[in-house]
Amino acid sequence: MLLGPLEVRDDDDRPVEIPGARLRALLARLALEPGRAVSPAALTAAIWEETTGESNVLQALVSRLRRAIGSSAVRSDPAGYRLAVQPEDVDVARFERLVAAGRDTADLAALRHAEALWRGPALAGLTDAPFAAKAAVRLDELRLTATETRLDLELAAGHDILPELGPLADAHPLRESVQGLLMRALYAAGRQAEALETYDRTRRALAGELGVDPSAALAELHVAVLRHAPDLPLLRKTPPTNLRAQMTSFVGREEELAQLMEVLSAGRLATLVGPGGAGKTRLAVETAACCAETAIAPDGVWLVELASVTDPLDVDLAVLTAVGAREAGMFDAAPAEPGPARRDAVPRLLEFLTGRRTLLVVDNCEHVVSAVAELADRLLRSCPGLRILATSREPLAIDGERLYPVPPLTTPEDGHTGDPLAYSALRLFAERATAVRPDFALDAENAAPVIEICRRLDGMPLAIELAAARLRTLSVERIAAWLDDRFRLLTSGRRTALPRHRTLQAVVDWSWNLLSGKERELAMRLAAFPAGATFSALEEVAELDSADVLELLTGLVDKSLVEHAGGRYRMLETIRSYGMERLAETGGLPAARDAHARYFLRLAETADPELRKADQLHWMRVLHAEHDNILAALRYAVDVGDPDLGVRLVAAMWWFWFLRGSRTEGTHWARTVLAIPGDLPDPLRTMTAVLRALTGYELGEWDPTEPEPDILGTPRDTPEVSDDAPGSVLLRARSHIAAALDHAERVRQPDTTAYVRLAGAEVMLRCGEREAARRELDAVESAVAATGDSAAFHVWAAGFRAMAALLDGDPETARRLLDAAIEAGGTAAGGQILANAMHMYAALALEDGEATHAAYLLGLATALRGSEDRSGFDGLLRPEDRARAALGDTAYASAYERGAALSRDAALQGALHPAALHPGHR
C-alpha cells in the first residue's frame with residue numbers, strides 16, 4: 001500500500017516488515033507498475049542519485065527484497081524486474097481504476113471508495129528517493145481531482161457539501177475549479193451574496209498572484225449566479241416525516257425493496273399483503289425511507305399505525321393525527337367531542353395534502369379495511385400528488401390498487417452445497433441469534449437444524465426471530481426438534497412489540513379472529529391437507545356446494561390465510577398447524593381426517609388403471625401433486641387401525657411408486673399396512689397376499705413355500721406339490737402363478753395378466769425352460785399391445801429375453817434386444833425397469849471383459865432405482881458376484897459408487913444411450 005506510509009501484507013493479511021530505506025524504495029517503485037517489468041536502469045535511477053556502477057548493488061537489493069517478501073514475488077524478465085502481483089493488490093492501481101470509473105460514469109460510490117484508500121500523504125517516508133517526489137505530486141493531483149468530481153456529484157444530488165468544501169477552498173485559493181464549486185454550493189444553500197463574494201475574492205487573488213483574469217467558465221458562472229439561472233443546483237430539503245430509526249438490520253429484502261420503489265414510481269396505491277409475521281410493516285417502512293430520498297415524496301412521508309384503532313370511524317382521525325403530529329401549529333387542537341373531530345378530519349387532510357407530493361404508509365389495515373379503502377379512495381382522487389403504501393392481510397379493493405404479496409425469506413433447496421448465508425432466512429436467523437448469543441456462528445455443523453427451522457417456519461421473519469430468541473436457553477437442534485409444538489415454543493418476543501407480535505400464537509390469533517364462522521370451518525378443513533387441495537377436493541371434503549366454497553376460499557385468500565397457485569389452495573405450515581389445533585379443539589379432527597383419507601382413496605383408485613393408459617403422464621402429475629396428502633391418508637389408516645383403507649391405498653399407489661422409482665417407499669408402506677390387525681373381505685385378502693409377495697420379492701425375502709391357497713384359490717389342473725420334492729420351491733411358485741393368472745383372466749385386467757405372465761417367465765427361466773419363457777413373454781406383449789403402457793412392458797420383457805439369450809451363450813442377440821427395446825421405449829419405461837436392464841448390460845460387459853464397466857452399470861442401476869436391488873432376479877447370471885471376483889472389493893466399490901452417486905436425471909440420461917452402455921464391445 002502506497003497511499004500513505006508504505007505497508008505490505010501477506011496472503012493472511014499480516015504485516016510484513018521491509019527493513020531499509022533503499023529496499024522500501026525498490027519495492028515502492030516496482031509496485032507503481034504492478035505486474036509489469038521495470039528496467040534495471042529505471043530502478044537504479046529511482047533509488048540512487050548517481051547511477052554509475054550500481055548494477056551489482058541493484059541485484060543484491062533485489063535478492064534482499066525476495067528474502068523479505070518471497071522469492072516468487074519478484075520475477076526477473078529480459079526487460080528487467082517485475083512485482084508478480086495483480087494490479088488490484090496495489091492500492092495505487094485500485095485508486096486509479098476507481099477514479100477513472102467514477103469520472104466516466106458519475107459513480108459516487110466508486111469515488112468515495114477511491115478516496116477511502118488514502119491513509120496519509122502518498123509515499124510517506126519515501127520522499128528522499130529520487131522517483132518519489134514526482135510520483136507523490138501526480139497522485140496528490142489525482143486525489144484532488146477525484147475529490148472535486150465527487151463533491152460536484154454530491155452537490156448535483158442535492159447534498160450539502162459546504163462543511164467539506166470550505167477548508168478545501170481555503171487551501172487552494174487560486175484553483176478555479178474549487179472556487180467555482182464553492183460558488184455553486186453557496187448558491188445552492190441560498191447564500192447568493194457569499195457566492196458572489198467568492199468570485200470577487202478569487203478574481204483579486206488571480207490578478208495579484210498570477211496577473212491573470214478569471215477564466216471564461218468562472219466568469220459565466222458569476223453571471224449565472226447574478227441572474228439566478230435555473231440550471232444551478234439547489235440543496236434538497238429533508239422532507240418532513242414521522243418515520244422512526246430502526247433498531248435492527250434489514251435483512252433479505254433488497255429485491256422486494258427495489259420492486260416496490262418501481263411500483264410507487266409508476267402508480268399511486270400499493271398494498272403489501274401477506275399473513276401475520278411476513279414482514280409487511282418493516283418492508284413498508286424501509287420503502288418509505290427510500291422514497292423520502294427521491295422525487296416520489298419530496299414533501300413528506302408519514303406512517304399511520306392502525307393496530308390500536310378499534311373503531312372504523314376513527315381511521316380518518318388517526319391519519320390526521322399522524323400527519324399533524326409532524327406539523328405543529330398547522331392544525332388546531334382536536335375538539336373534545338369526537339363527532340366534530342371526525343367530521344373535520346377529511347377536509348383538513350385534503351387541505352394539507354393538496355398540491356404536495358407526499359406518501360402515506362397506512363399500516364395494519366385488515367381489521368378496519370373498509371374504512372381505510374373509503375378514505376384512500378377519496379384522498380387519492382382529490383390529491384394528485386399523494387401516494388399511499390398500505391399493509392394489510394387483505395386488499396383494499398379500490399381502483400388503481402396494485403397488490404404486492406410479500407414473499408417468504410429464501411431457504412435452500414434440498415441437497416444445497418453453497419454458503420448458507422446466501423439465503424435470507426438463514427442470514428436473518430444468524431443475525432438475530434448473534435444478538436442473544438454473541439458466540440453463535442452459522443457453520444457446517446449447525447446449518448442443517450437452522451435450515452430445518454427456517455423451512456418449517458415458512459421463511460416468516462417474525463417466526464424466525466422468535467426462534468432465534470430461544471437460543472438463550474436452547475440449542476438449534478432442540479429448537480428444530482420442538483417445532484411440532486411451535487406455538488408453545490415461540491413465545492419470547494420483544495416487550496416493545498405490539499401484543500399480537502410478541503408470540504407466534506398471538507400473530508395467528510389476530511388473523512383467525514377476523515374470519516367469519518364459515519371461513520374458520522373451511523380453513524380447518526383445509527388444514528387437514530398437508531399438500532394443499534384442489535377446489536374439487538375441498539368441495540367434496542367440506543360437503544359444500546361450489547358457490548359457497550368459492551366465496552369462502554376467496555375470503556381466505558384475500559385475508560392471506562390461504563395461498564392460491566397452480567390450481568391449488570395451500571396454507572403456510574404455521575397456519576396449517578394452528579388450524580389443526582383449532583380443529584382438534586372442536587372435536588372435528590377425526591371426521592376431517594377420515595373424509596380426507598376417503599377422498600384420496602377414491603382418487604388413487606381412479607388413477608391406478610389410468611397409469612397404464614394414454615393419460616399416464618397426466619395421472620402421474622396428479623398423484624405427484626397429491627403425494628403428501630396420500631401419505632397423510634396412509635398415516636390415518638395406521639393411526640386408527642383400518643387395514644381395509646391401508647391395503648387399498650397401497651395397492652392403488654403401487655404402480656405409481658414403481659414407475660417413479662420409489663420402491664423403498666412403496667415397500668415401507670406395504671409392510672406397515674400389512675401389519676395392521678383386523679379381518680379383511682376376500683377380495684382384499686387376495687390383494688394382501690399379492691402385496692405380501694411383492695414386498696418380500698423387493699426385499700429378497702419372498703418364500704414361495706408359504707402359499708395362501710385359501711386366498712388365491714387353486715387353479716384348474718394344478719397338481720399338488722410335496723414340500724420335500726426336488727425343485728419344490730419353483731414348482732410351488734408355478735402353482736401360485738397359475739392361480740394368479742387364472743384370477744387375472746377372470747377379472748379381465750390386461751395389465752395384471754401381463755404382470756403375472758412376467759413372473760411366470762422368470763420362474764420358467766429359473767427352471768431352465770427358456771423357450772417356454774420366450775412364449776410367455778410373447779403373451780405378455782400381446783396382452784399389453786392395446787394399453788398405453790406397452791413400451792414399458794416391452795423393455796421389461798426385453799430384459800428377460802436378453803437373460804435367456806445370455807444363458808444360451810448368445811450375447812449379440814442379448815445386446816440387440818436390449819438396445820432396440822431401450823431405443824424404442826426407454827423414456828416410457830421408468831427407473832425400475834431401466835435398472836433391471838442395466839443388470840443385463842452389466843452381464844454383457846462381463847462377456848466383453850469389462851468388469852469395471854459392469855460394476856459401474858450396477859451402480860447406475862441403483863441410482864435409477866433409488867436403492868440396491870435385493871430381489872435377486874439376475875441370480876442366474878450373477879453379474880455382481882462375477883464383477884466383484886474379477887476386480888476385488890476395493891476396485892469394485894470404486895466403480896460401483898461412480899454409478900450409484902449419479903443423480904436420477906444423470907442416471908436416466910446414461911441409461912437411455914445404449915452405445916455408452918457397452919463401450920468395450922467392438
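How many bridges join β4 to strand β5, and do the two run parallel or antiparallel? In this predicted model, 5 bridges link β4 to β5 (residues 358–363), and the strands run parallel; two strands count as paired if DSSP finds at least two bridges between them. Within the pair, Val301 has Leu359 of β5 as its bridge partner. Strand β4 itself (residues 301–305) is mostly covered, with 4 of its 5 residues buried, where buried is under 20% relative accessible area, exposed over 50% and partly exposed in between (1.4 Å probe, protein chains only).

Zooming out, the protein chain comes to 42 helices and 9 strands. These are DSSP runs numbered from the N terminus (helices H or I, at least four residues; strands E, at least two). Of the chain's 922 residues, 49% count as buried. Taking contacts (heavy atoms within 4.5 Å) with a separation of 6 or more, 70% come from residues 24 or more positions apart.

Residues are numbered from 1 along each chain as its sequence is written, and side-chain values use heavy atoms, leaving out hydrogens and water. Local features need pLDDT of at least 70 and side-chain atom pairs count only at pLDDT 80 or more, whereas totals for chains, interfaces and linings use all residues.

As for confidence, pLDDT (the predictor's confidence in each residue, from 0 to 100) has a mean of 82 over the protein chain, and 86% of residues reach 70 or more. Strand β6 (residues 386–392) scores highest, at 93, and helix α32 (residues 709–712) lowest, at a mean of 42. Two stretches stay under 50: residues 325–340, with 16 contacts beyond four places in sequence, and residues 702–729, with 39 such contacts.

Now to the helix packing. The axes of α8 (residues 176–188) and α9 (residues 192–210) come within 7 Å and cross at roughly 165°; axes are lines fitted to C-alpha atoms, for helices over the stretch in contact, and angles run from 0 to 180 degrees between N-to-C directions. The two helices are therefore roughly antiparallel (over 145 degrees; under 35 is roughly parallel, 65 to 115 roughly perpendicular, and the rest oblique). Residues meeting here include Leu182 and Leu186 in α8 and Ala195 and Leu206 in α9.

Helices α40 (residues 879–887) and α41 (residues 889–900) pack at about 120°, with axes 6 Å apart, which makes α40 oblique to α41. Their contact is made by Glu880, Ala883, Arg884 and Leu887 of α40 and Asp889, Ala891 and Tyr892 of α41.
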